[in-house]
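Dear colleague,

A short account of the findings comes after it.

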Amino acid sequence: MMLLTGAAASAAELESSIARGGRLYDNWYKEKKLDRPEAAHAAYPAGGKYPKQSWRCKECHGWDYKGKDGAAAKTDHLVPIKGITGMAGKDPATIAPLFRDKNHGFAPEQLNDKDVQDLALFVSKGQMDTAKFIDPASGKPKGNAAKGEVYFNTLCAGCHGLDGKKVSTGVPLGQASDNPWDMLHKAFNGLPAEAMPALRSLDPSIASDTVAYTQSLPK
Ligand code: HEC
Ligand code: HEC
């Protein structure tokens with residue numbers, strides 16, 4: 001039997017930690033099968049429209065990681081909080097303490113040290129520059145939808161159906177693609193607590209082309 005050792009093993013572990021960090025960023029309590037905290041997060045502004053989502057990183061910092069300066073600005077999810085793009089490339093050891101700081105206050109019962117480490121890796125190494133894949137002004141995916149159809153039919157349709165309508169809890173993927181940044185994040189990192197694949201170890205054009213194709217699926 002071949003064993004993965006040394007650099008190969010750690011590169012593989014790194015990619016899966018980053019993807020898990022991405023799923024925690026989407027919804028850490030779902031990924032960890034915990035209950036959603038009852039009260040709104042202390043840092044969530046009083047006038048915010050989505051207090052029930054307020055413990056999710058994406059609700060304050062956005063699906064495009066740009067916070068108030070990104071795609072959320074055109075939606076009712078807008079809150080006056082900056083994005084996390086400034087932390088891309090920073091040492092994960094300097095990012096990790098942020099999750100226990102006064103802005104965040106995540107208790108170890110909510111995010112343990114492994115969770116914090118995965119999140120810090122995601123923030124440091126996992127954020128994609130979404131503008132490469134989605135035009136920030138129009139929200140139009142830049143990928144090649146014809147190639148994306150091939151990827152979708154082989155990678156996604158087994159679970160979601162060729163029409164993207166085979167979903168148990170969510171909306172048809174054609175409808176989910178109305179928010180292409182959300183779709184792109186999930187394509188790269190997988191879905192919290194679901195057996196959905198994370199495409200981040202493949203060439204980024206595969207996720208990008210797939211997202212472009214999902215826009216033509218029925219809603
Ligand atoms: C209820 C809102 C809220 C939630 C949820 C939230 N944050 Fe924050 N976050 C903030 C605020 C407020 C700041 C400080 C912004 C500032 O300094 O202007 C911040 C700052 C940050 C920063 C530093 C950004 C920088 O460039 O200084 C990072 C990284 C970060 N958050 C990541 C996360 C991650 C990962 C999660 C989920 C585990 C998360 N945040 C959840 C409100 C939130
Ligand atoms: C192993 C099965 C599986 C595969 C393969 C899979 N998914 Fe999923 N996906 C799920 C499940 C389960 C859910 C969540 C429950 C539901 O909506 O059915 C989900 C949900 C989603 C959602 C969230 C929809 C919403 O309501 O927000 C998106 C987006 C998504 N999938 C995209 C994709 C894409 C793109 C691919 C192919 C790259 C893919 N999925 C492949 C199982 C899968």
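Predicted model: local features only at pLDDT ≥ 70, side-chain atom pairs only at ≥ 80, totals over all residues.

The protein chain falls into domain 1, spanning 12-127, and domain 2, spanning 145-214. Taken over C-alpha atoms, the centres of domain 1 and domain 2 lie 22 Å apart.

As to the extent of the interface, 17 residues of domain 1 are in contact with 14 residues of domain 2. Together, domain 1 and domain 2 bury about 1,300 Å² between them, and carbon and sulfur atoms account for 60% of that area. On the side of domain 1, the trio Arg23, Lys30 and Trp63 supplies 40% of the area buried against domain 2, which is more than any other three residues supply.

With regard to specific interactions, five residue pairs are in polar contact between domain 1 and domain 2, counting pairs with both residues at pLDDT 80 or more.

Which elements give two or more residues to the side of domain 1 that touches domain 2? They are α1 (6-31) and α4 (113-126). Of the elements, α1 gives the most to this side, with 10 residues. In composition, the residues on the side of domain 1 that touches domain 2 divide into seven nonpolar, seven charged and three polar.

With kind regards

Conventions:
Residues numbered from 1 in each chain as written. Chains lettered and ligands numbered in written order. Heavy atoms only, no water. Domains from an automatic or database assignment. Contact = heavy atoms within 4.5 Å. Buried area = accessible area lost by both parts, 1.4 Å probe. Polar contact = N/O pair within 3.5 Å; in protein donor to acceptor, adjacent residues only side chain to side chain. Helix = DSSP H or I, 4+ residues; strand = E, 2+ residues; numbered from the N terminus. Nonpolar A, V, L, I, M, F, W, Y, C, P; charged D, E, K, R; others polar.
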